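Have the coordinates open and follow along.

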Amino acid sequence: MRPGVKRLYLWSAAAALLAGAVSAAEAGCVRRVINRSPYFAVASRNGGPSVGIPPHSSRSIRMLAPGRVDIAAHCAARGRRGRLVPVGPPVAQDSYTFTAVLDRCYYDLGLMGFGQGGTEPFVLNNPRDGDLVVGPAGPACPPR
């Protein structure tokens with residue numbers, strides 16, 4: 001084998017090992033916030049930028065290490081371009097801590113035990129661990 005080719009193989013092997021170490025250090029999960037309600041949901045992870053989740057849709061969030069998700073449900077109204085936007089103060093809001101270990105991610109339920117938890121209209125770890133569902137029931141919004 002030529003020296004240049006051998007060196008290329010060694011560099012490729014070293015890069016593969018380094019990539020494996022980096023991906024192991026960044027272990028986590030992609031989970032969903034599912035909005036099954038008529039509300040406009042707003043979620044943020046670890047105090048970062050928020051993401052809007054219109055009624056009857058979902059968004060993915062990446063869960064890395066232990067962290068927190070803040071979620072709020074707002075009444076929705078049509079905006080300038082006909083899109084739904086949140087209006088007024090939240091009708092419901094809460095914060096939940098989560099754990100992400102390797103490829104296992106779930107919301108910490110504390111004294112509630114295991115399985116589903118949360119406060120209405122939020123349901124945790126449903127349909128799978130790490131998912132957060134908004135609705136379908138909850139406080140009523142005023143007619144618009």
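C141 is partly exposed, with a relative accessible area of 32%, where partly exposed covers the range between buried (under 20% relative accessible area) and exposed (over 50%), using a 1.4 Å probe and protein chains only.

The link of C75 and C141 is left-handed, with -100° about the S-S bond. C75 belongs to strand β5 (residues 67–78) and C141 to the segment after β9 (132–134), so this pair ties together parts that are 66 residues apart in sequence. Strands are DSSP runs of E with at least two residues, numbered from the N terminus.

## The C29 and C105 pair

C29 and C105 also form a disulfide, with 2.2 Å between their sulfur atoms. C29 sits in strand β1 (residues 28–35) and C105 in strand β7 (residues 104–107), so the pair joins parts that are 76 residues apart in sequence.

The torsion about the S-S bond of C29 and C105 is about 90°, so this disulfide is right-handed. Both C29 and C105 are buried.

## Overall pattern and model notes

Searching the whole structure gives two disulfides. Counting bonded cysteines along the chain, they follow the pattern 1-3, 2-4.

This is a predicted model, in which local features need pLDDT of at least 70 and side-chain atom pairs count only at pLDDT 80 or more, while totals for chains, interfaces and linings use all residues. Residues are numbered from 1 along each chain as its sequence is written, and side-chain values use heavy atoms, leaving out hydrogens and water.

Terms used:
Disulfide = S-S within 2.5 Å. Helix = DSSP H or I, 4+ residues; strand = E, 2+ residues; numbered from the N terminus.
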